[in-house]
Amino acid sequence: MIRLEARGQASRVMVYATPVLAVALTLASGFLLFWALGFDPVKALHAFFIQPLTTARGLGELVVKATPLVLCAVGLAIGFRANVWNIGAEGQLTLGALAGGGLALAFYGEGGWWLLPLMVLGGIAGGMAWAAIPAFLKVRFNASEILTSLMLTYVALLLLTYMVNGPYRDPDGFAFPESRMFEPEAVLPVLVEGTRVHLGALFALLAVAGGWVLMSRTFIGFQIRVIGLTPAAAGYAGFNEKRIVWLTLLLSGGLAGLAGLGEVAGPIGQITPGISPGYGFTAIIVAFLGRLHPVGILLAGLLMALSFIGGEAAQIGLGLPKAITGVFQGMLLFFLLATDVLIRYRVRFGAKRVTA
Amino acid sequence: MNGEGLLILGPVLAAMITAATPLLYAALGELVVEKSGVLNLGVEGMMLAGAVIGFIVMVNTGSHTLGFAGAALAGAVMAALFGVLTLLLLANQVATGLALTLFGVGLASLVGQGYVGRPIPDVPELRVPGLSDLPIVGPALFGHDLPVYLALALVPAVSWFLYRTRAGLVLRAVGENHSAAHALGYKVLGIRFLAVLFGGAMSGMGGAYLSLAYTPMWAEGMTAGRGWIALALVVFATWKPERVLLGAWLFGGVTIMQLHAQGMGLAVSSQLLSMLPYLATVVVLVAISRDVTRIRLNAPACLGKVFHPEA
Amino acid sequence: MTAPPPRLALRGITKRFPGTLANDSVDLTLLPGEVHALVGENGAGKSTLVKIIYGVLHADAGTIEWDGREVTIPSPHAARRLGIGMVFQHFSLFDTLTVAENIALGLEAPGPMKDLAARIRAVSERYGLALDPGRHVFDLSVGERQRVEIVRCLLQDPRLLIMDEPTSVLTPQEVTRLFETLKRLAAEGCTILYISHKLEEIRAICDRATVLRGGKVVATCNPRQETARSLAEMMIGAELTTPDRAGAPVAGAPRLEVRHLATTSDNPFATNLVDVSLEVRAGEILGIAGVAGNGQAELMAALSGEVLVADEAAIRIDGRPVGHLGPRARRELGFAFVPEERLGRGAVPELSLSENALLSGYAREPLVRGGLVHFGRARSYAERIIGAFNVVSRGHRAEARSLSGGNLQKFIIGREILQKPKLLVVGQPTWGVDAGAAAAIHQALIDLARGGAAVLVVSQDLDELFVLSDRIAVLFHGRLSESRPTHHTTVEEIGLLMGGLFGTAADDEEVGRVA
């Protein structure tokens with residue numbers, strides 16, 4: 001018989017060991033999955049996880065894809081720490097792209113040095129505005145932010161489709177549902193020659209650093225942790241829970257909006273109906289896999305970016321279905337949640353009864 | 001004109017009831033789960049699993065019945081995964097539910113690859129001689145397929161189970177105070193696991209109704225947030241089965257209204273109209289949640305809390 | 001003719017939890033029709049032992065005999081089938097279910113609900129335990145809730161009734177009534193296992209007593225031939241210390257004034273406060289007695305600032321209206337607060353002691369500068385608390401949940417006292433705390449008051465209030481009685497107030513003069 005026995009103190013080792021264990025279990029399951037689908041598992045895993053890392057371009061793409069993931073996940077993780085479950089980052093990302101990218105279209109042909117900073121602010125403001133709705137509804141009406149933020153994601157995606165079919169549509173685009181390409185003044189500079197790595201990557205690093213300072217050094221970060229762990233203790237200490245709900249939602253919304261702006265003003269260069277392959281949702285996994293810690297999120301973001309690129313590579317190279325990326329991501333989160341039990345509990349084997 | 005308007009009412013009501021059916025299955029299942037004290041946010045993922053498996057079974061066997069059975073099983077298997085993680089391994093219910101949805105979306109697309117766009121026959125209607133031919137009421141109430149009636153029958157059945165049987169009493173007790181139920185000798189985890197399985201099976205049925213009867217076809221992500229709307233419905237219903245029916249019809253109505261508006265060529269863009277069900281969910285959620293007293297009196301007190309028998 | 005076999009005989013019962021030996025080869029024999037006390041300090045292993053008898057836990061070793069036959073009790077269902085009933089300390093009741101449903105859940109074969117209601121009425125009439133089967137539990141007083149538990153046991157004709165700390169939530173008058181019921185049951189042949197640490201009660205009702213200490217049986221005796229003091233010393237295994245109250249109270253200036261405080265709440269389970277007035281002066285301790293659920297939680301929340309009061313002048317600290325101020329602002333004015341729930345309000349279980357020192361210490365200690373936390377100072381503050389209050393722990397890094405109840409309470413009280421408050425409000429200072437820690441906590445509170453602070457203690461433990469307080473007032477149904485000087489009142493008088501014998505208009509008028 002297998003039993004769980006509570007540890008007196010959370011295990012520090014397991015905090016770091018379980019993500020590694022979860023990745024290992026996912027790879028093992030992936031091996032079985034590929035085998036079951038009739039592919040050579042070794043070749044498939046190699047194509048999925050190793051191949052993309054062998055070229056400079058591949059490494060660059062890794063950073064490009066990790067950028068929105070890390071930006072979204074840093075914000076989400078801070079909210080999750082406070083038990084604020086914003087799962088609508090995808091919608092906030094979309095609104096950031098619509099607001100920031102909209103500025104590029106509005107000032108088309110009259111842009112200057114000031115346009116990019118304005119777009120960045122617009123992107124952040126768009127994401128924040130979208131996240132402000134669930135914040136207001138939670139603080140004022142006690143409505144679950146899980147459901148409202150998710151519903152607003154569907155609304156945001158419909159809004160995007162509407163905009164590229166209507167107001168944002170390229171006047172010279174033969175009724176194709178896309179905006180025109182942004183002018184050079186409205187595109188984020190590329191940081192590394194020969195890749196698509198853009199200024200957004202720097203924003204992501206800044207977000208990691210800022211998130212770390214906030215959570216580990218500031219009193220606000222302490223309040224966020226206390227509220228998430230024990231709301232009653234936060235009330236006792238006099239921490240303002242409503243303020244923290246606002247703060248975490250605006251912060252995560254703003255970062256997601258920045259991520260969205262980074263996509264349209266970065267690798268895409270225009271507004272299309274498919275800005276994001278689900279970065280906002282995958283960021284939830286990134287946040288957990290990174291232990292809700294900014295530095296962990298940086299690593300987890302790179303790993304998840306690999307799953308996107310690997311999925312594409314495997315699709316082209318081996319004809320593997322694209323959906324396999326999602327399966328891998330879901331599996332990874334499952335294994336992580338399952339192995340997390342080891343942080344607070346020991347697994348004991350054998351019968352418990354001792355005979356006298 | 002007036003008479004014609006009334007005659008339209010029949011098919012409109014019928015369409016509303018049909019559109020409400022997947023929500024009714026999923027929300028009733030989730031209601032039982034939440035009554036036992038567990039919050040499973042993976043409804044969307046379980047619905048998709050049910051939709052795709054139901055479709056595949058139907059295509060390969062030609063039997064709607066087997067399709068629905070397969071869907072229920074698929075939902076239950078997904079739910080079992082959730083149950084093992086949250087009940088046995090004490091994982092956070094919110095995070096695990098999200099994981100179940102993300103996983104379900106990916107898995108369903110993977111499994112359903114070869115089935116996108118394949119046609120299948122409709123589920124036969126059950127016609128009641130005489131009644132089905134009545135004006136308005138006939139098409140509205142007596143021209144549906146069996147799963148619609150089954151879903152409607154589930155409402156009183158769940159209500160009867162929860163409030164009239166001992167098993168239902170024990171289930172409610174477990175959701176209300178798991179420590180006390182444990183002290184009285186009830187198997188909290190076992191009861192919750194069964195509730196979670198039931199919820200999964202119902203979500204699977206709801207998904208299968210979409211792919212086998214409502215659409216009928218398989219498309220990636222075809223549930224389009226209905227799993228989340230079902231979760232909101234449970235709150236809207238303040239955990240009462242009869243009110244779930246009311247809520248499901250309300251949403252069925254909004255969906256149909258929006259489709260009809262599009263069909264009538266209203267000047268509003270179809271994307272904006274498609275937002276209506278999601279916005280309605282937010283509005284309804286806000287309207288109910290603001291009454292904190294009411295939520296507290298009706299929400300199971302242990303909802304979402306981890307239980308470890310030796311702690 | 002031989003004597004009948006014992007109703008229940010435990011031999012060599014041993015139960016081990018990670019890190020502790022909760023029961024160490026315990027022997028216990030219960031005779032038919034006797035009232036047998038099981039006494040011991042918190043953590044002595046009483047609860048573990050009765051949970052084993054009731055089938056909730058399973059012994060690692062040892063045997064159980066029932067009426068002379070060896071049995072195993074795998075579950076509470078099995079225990080109930082044998083004829084064992086249990087009234088839990090933290091009631092095993094379900095708030096939103098009805099009395100009848102609650103009772104049905106504790107029966108093996110409840111039968112149809114309609115008949116059950118009739119049976120409930122019959123039993124409650126027979127034993128004088130008035131109950132309405134159709135009411136919801138959240139509507140009931142604590143005493144009524146206990147009746148539900150007792151009736152639930154009586155409906156299955158128990159031959160052994162286990163009562164876990166049954167009187168901790170009752171008024172002295174309700175206790176008397178409970179004892180009559182228990183005596184009657186014993187006379188009918190039912191064995192009663194009575195768990196308590198209230199020694200006077202045990203002397204009043206029990207025929208025999210078994211004393212547990214550190215998981216072992218240390219004595220079995222006739223409590224009527226012992227004194228409360230000798231029983232206590234058996235329990236603790238050391239001499240009893242009484243707190244030093246030297247130094248007469250100096251009636252200083254009023255530090256805390258509450259005038260006509262009333263609260264409303266959107267929580268349907270809350271008890272609203274009605275026209276509560278009180279005053280605590282520098283140098284004195286005011287005790288507030290009352291059965292749980294009579295507004296203590298609401299009073300504590302209003303005083304601490306967790307719930308703001310509409311009328312800001314209803315609460316004054318040093319004459320300043322503070323009803324509109326949150327906890328932080330009140331702390332800055334010299335207020336400190338120890339809540340009733342230690343783990344989960346007074347401390348965050350998963351955080352270290354230094355982080356828990358920061359939890360309330362930030363307001364009056366220099367632990368935060370420019371929005372940044374000074375973790376070094378938080379650590380040394382935690383170490384100061386640990387040193388000054390003898391907190392047994394693995395240092396400032398230890399998680400709060402790894403501490404024993406007594407040590408955590410010493411840490412929390414130490415954290416508040418070291419902030420040198422002018423006013424301290426404490427809820428249930430020693431509930432569930434071992435005798436050594438309780439004595440230390442009592443002494444610390446008395447010393448704080450003698451040093452010139454005003455102290456308000458809210459407690460359900462009358463003995464504690466009589467030891468600590470200079471004056472005592474009683475909270476009932478959200479109303480507060482006028483206070484009485486401790487040496488001018490008796491347990492009986494306070495008990496009558498706890499049962500609600502006040503609240504007349506005259507009482508309200510007097511508050512201003514007396515407080």
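A polar contact is a pair of N or O atoms within 3.5 Å, one able to donate a hydrogen and the other to accept it within protein. The exercises below apply this and related terms to a predicted model.

**Exercise 1.** Determine how many residue pairs are in polar contact across the interface of chain A and chain B, and describe the side of chain A that touches chain B.

*Solution.* 
Step 1. The rule finds three residue pairs in polar contact between chain A and chain B, with both residues at pLDDT 80 or more.
Step 2. The elements of chain A that give two or more residues to this side are α5 (115-141), α6 (145-165), α11 (279-289) and α13 (324-339).
Step 3. Of these, α6(A) gives the most, with 12 residues.
Step 4. By class, this side of chain A holds 31 nonpolar, seven polar and two charged residues.
Step 5. The buried area is about 3,700 Å², and carbon and sulfur atoms give 84% of it. L147(A), M151(A) and F334(A) lose the most area in chain A, together 18% of what that side buries.
Step 6. The count of salt bridges between chain A and chain B is zero.

**Exercise 2.** Identify a salt bridge between chain A and chain C, and describe the area buried between these chains.

*Solution.* 
Step 1. Two salt bridges are counted between chain A and chain C.
Step 2. One of them joins R344(A) and E399(C). Their N to O distance is 3.6 Å, and the pair qualifies because the cut-off is 4 Å.

Note on methods: Residues are numbered from 1 along each chain as its sequence is written. Chains are lettered from A and ligands numbered from 1 in the order in which they are written. This is a predicted model: local features need pLDDT of at least 70, side-chain atom pairs count only at pLDDT 80 or more; totals for chains, interfaces and linings use all residues. Side-chain values use heavy atoms; hydrogens and water are left out. Buried area is the accessible area (1.4 Å probe) that two parts lose on being put together, summed over both. A salt bridge is a side-chain nitrogen of Lys or Arg within 4 Å of a carboxyl oxygen of Asp or Glu. A polar contact is a pair of N or O atoms within 3.5 Å; within protein, one must be able to donate a hydrogen and the other to accept it, and residues adjacent in sequence count only if both atoms are side-chain atoms. Helices (H or I, at least four residues) and strands (E, at least two) are DSSP runs, numbered from the N terminus. Ala, Val, Leu, Ile, Met, Phe, Trp, Tyr, Cys and Pro count as nonpolar, Asp, Glu, Lys and Arg as charged, and the others, Gly among them, as polar.
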